[in-house]
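Okay, thanks for making time, everyone. I'd like to walk you through one model today, so let me put it up on the screen.

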Protein chains: 2
Amino acid sequence: MALIVQKYGGTSVGTPERIRNVARRVLETQKAGHQVIAVVSAMSGVTDGLLKLAKDVSESPTEREMDVLLSTGEQQTIALTAMAINAQGGKAVSLTGAQAGIQTDGVHTKARIANITPTEVHEMLDEGNIVILAGFQGQTRDGLITTLGRGGSDLTAIAMAAAVKADLCQIYTDVDGVYTCDPRVVPTAQKIDVISYDEMLEMASSGSKVMQSRSVEFAKKFGVRFEVRNSMNNNPGTLVKEEELGMESVVVRGVSLERNQAKITIDDVPDRPGVAAKIFGAIHKAGVVIDMIVQNVSWDNETDISFTLSAADLPKAESALQAVLAELGDKVELRSQTGVAKLSIVGIGMRSHSGVASKMFGALANAGINIQMISTSEIKTAVTVEEREIEKAAKVVHEAFGLDGAAPTA
Amino acid sequence: MALIVQKYGGTSVGTPERIRNVARRVLETQKAGHQVIAVVSAMSGVTDGLLKLAKDVSESPTEREMDVLLSTGEQQTIALTAMAINAQGGKAVSLTGAQAGIQTDGVHTKARIANITPTEVHEMLDEGNIVILAGFQGQTRDGLITTLGRGGSDLTAIAMAAAVKADLCQIYTDVDGVYTCDPRVVPTAQKIDVISYDEMLEMASSGSKVMQSRSVEFAKKFGVRFEVRNSMNNNPGTLVKEEELGMESVVVRGVSLERNQAKITIDDVPDRPGVAAKIFGAIHKAGVVIDMIVQNVSWDNETDISFTLSAADLPKAESALQAVLAELGDKVELRSQTGVAKLSIVGIGMRSHSGVASKMFGALANAGINIQMISTSEIKTAVTVEEREIEKAAKVVHEAFGLDGAAPTA
């Protein structure tokens, strides 16, 4: 008998019919001889409806109350899922985050889990129940309701799996797993069977948003193996786990792309200490998240700094920078460009294999695609190209690293 | 400075606009120098939507989970109301039933309040907050979510008013107060300024459903004075309080009517101990609530028993009785009639004034209305008439006791 934590997202529980489907799956898992904790999200659409109501009563809703409001979405799903399991002859009980002993800090709308005391969870399991647990929520030591922010239900599942020392954690979603590239772009992309935490993190930060980085980081920290699976079929998914011997034999695990990027270049910046801090301090204060940063070697005590960001944030970043530029000297110039996309290759095998970057650049060159910026980490090489060339770029790089599977039969 | 508990029902918080209106009213009360606890219900329609979802996943949803599900309705309203007050420059916090220390027994979907520990409520008030409290819900000693059943939000308000020793409890609804009769039937009906708990209870049990009897009984038991008011205007409402000297000078406080009743008569019942117990035991087991019971004096060791019930329950009651009748002898016969309505006059003054019943019967006789059954209590006289005559009956009785006000200007 294994103890299994399953997590079903908002699409998987989006209608009464789908809730009944989830109930069936959970019950099957129990009937196969396992104990099951199922973490569920709010039914898709419910959270948006609640956000709209909040906007209708207040222009800037109090965050404490936002948590009280939004946490009802998951609470509804746990009740409905437990009812559905009971209706199918099973024995299930629902637990809110608070009831399950999930204690968080007091940062409303993006609380962090402080600790989990799963006494009630264990009791319920020991009595033969399937435990249906509300994702995305917890409570402070003082009993205030909190929510965990984006990707919170994945985090609930992984943290609870760690707390109860689950044998397996399954993240059910609407895709079969993590792919070597987005199959809508590269039809020959293949599902990855096993991937390391670090590779998963780099894939996520490069635009392959199967899961938020935060949950993967948590899983890595506490050594929680988890599997990303499709809630609509029984296909095996992608297992995410610690790095193991042999994993490095695959040089590149996947290709990830991110569209709608913009690039800002600041030319003729004086090459002296504190300049970069000033620039990126202003950007940070404006609430803009930046991605790749490239600084060229100094020339005549002046240098160029380029970085990428989401195109949507470009106006905010530009106006934040205008205030700073004057302080950096007369010659400093700001150029920005939209229509940029980022292509990344990810794989822990890169560490021990040379020539990976040059193979990527070669593939792009052969296809006549110009590289704008290059940035590398230990297990990732990323470039930016013109957005209109990103699909072609993804295809040729995917092929160059031998990631293509059989072409799908239509 | 007074401590005031206000309660707003589902219609009063039915839209974001109405929630903003409630927020305004609550804030005005605070600005007038008072501390305020506002108890709110689920937005009208929300509970029905949740019930529908439950039915969609389960034919007979678990009651434990029904409470987890339904309690989210009020939780959404407390968050939205607190947000709206904060948006209008006030300082409000929401509390669920559990957070407010409302502890109940474990009878899911119709729990009873066991005790209230309003520590958190007092703390929040002392910090200058308006407290927005979820009606209709509590939690067991073991931390399970419970709901209080029909009229639960009124009960929350009155029980919390008792627990915090509030100076005043205001039940906001969509009418101006309790009327001498339903104004849709008797246009000259007047709002009652003051009414005793007992009169209110008799009015409620006779069809004037401003509030459930349960909440009035609780208020009587703990001596909580409360006022029924309209949330859409500033008209004074009806004060419900303990009986006082002088109240008896009004003989009849109001006239109450109840439609859609049915009457069952069992003829030639043997007049021996245990027969009534057998009959009403069967009815009770079938889950049917009966109202008036009339038994005539015995004749030849046989008697007739008649009683009224909701017409909707008639088929259930009849089939429950068929099983019992055979045991009571061959001659026993069952007759039933629908199209019956009940008219009651209520007033504590009846106790000390004679001739009240005969005045009522006289008024009905003068109008040519036949009385079917008569039943009296210390402060109520009730009759049944044919349903098609109930409006006329209400008008003539209302007039006979001098309850008519000025005819409304249209």
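Some housekeeping to begin with. This is a predicted model, where local features need pLDDT of at least 70 and side-chain atom pairs count only at pLDDT 80 or more, while totals for chains, interfaces and linings use all residues. Residues are numbered from 1 along each chain as its sequence is written, and chains are lettered from A, with ligands numbered from 1, in the order in which they are written.

So, the contact between the chains. Chain A puts in 31 residues and chain B puts in 31 residues; two residues are in contact if their C-beta atoms, placed from the backbone, lie within 7 Å. On the chain A side, the elements giving two or more residues are helix 1 (16–31), helix 2 (46–57), helix 3 (63–87) and strand 3 (92–95). Helices here are DSSP runs of H or I with at least four residues, strands are runs of E with at least two, and both are numbered from the N terminus. Helix 3 of chain A gives the most, with 15 residues. By class, that side of chain A has 17 nonpolar, nine polar and five charged residues. For the classes, Ala, Val, Leu, Ile, Met, Phe, Trp, Tyr, Cys and Pro are nonpolar, Asp, Glu, Lys and Arg are charged, and the others, Gly among them, are polar.

Now the inside. Which residues have the most contacts inside the largest nonpolar core? They are Leu133(A), Leu343(A), Leu133(B) and Leu343(B), in a core of 237 residues. A nonpolar core means buried Ala, Val, Leu, Ile, Met, Phe, Trp, Tyr and Cys residues joined through C-beta atoms within 7 Å. Buried means 20 or more other C-beta atoms within 10 Å of the residue's own, exposed means 12 or fewer, and partly exposed is in between, with C-beta atoms placed from the backbone. Leaving aside residues up to four places away in sequence, Leu133(A) touches several residues, including Ile37(A), Val39(A), Ile78(A) and Met160(A).

Next, helix 10 (residues 356–366) and helix 11 (residues 390–400) of chain B. Their axes come within 9 Å and cross at roughly 130°; axes are lines fitted to C-alpha atoms over the stretch in contact, with angles from 0 to 180 degrees between N-to-C directions. That makes the two helices oblique to each other: under 35 degrees is roughly parallel, over 145 roughly antiparallel, 65 to 115 roughly perpendicular, and the rest oblique. Helix 10 brings Lys359(B), Met360(B), Ala363(B) and Leu364(B), and helix 11 brings Ala393(B), Val396(B), Val397(B) and Ala400(B). That's seven nonpolar residues, no polar and one charged. Among the buried residues of helix 11 of chain B are Ile390(B), Lys395(B) and His398(B). Just after that helix, Gly402(B) has a positive phi of about 65°.

Compare helix 5 (residues 152–163) and helix 7 (residues 213–222) of chain B, whose axes come within 9 Å and cross at roughly 10°. So those two are roughly parallel.

Last, the loops. Lys165(A) has a positive phi of about 50° without being a glycine, and it sits in the loop between helix 5 (152–163) and strand 9 (168–173) of chain A. Is Lys165(A) buried or exposed? Exposed, because 9 other C-beta atoms lie within 10 Å. Thr109(B), also not a glycine, has phi near 70°, and with 17 C-beta neighbours inside 10 Å it counts as partly exposed.
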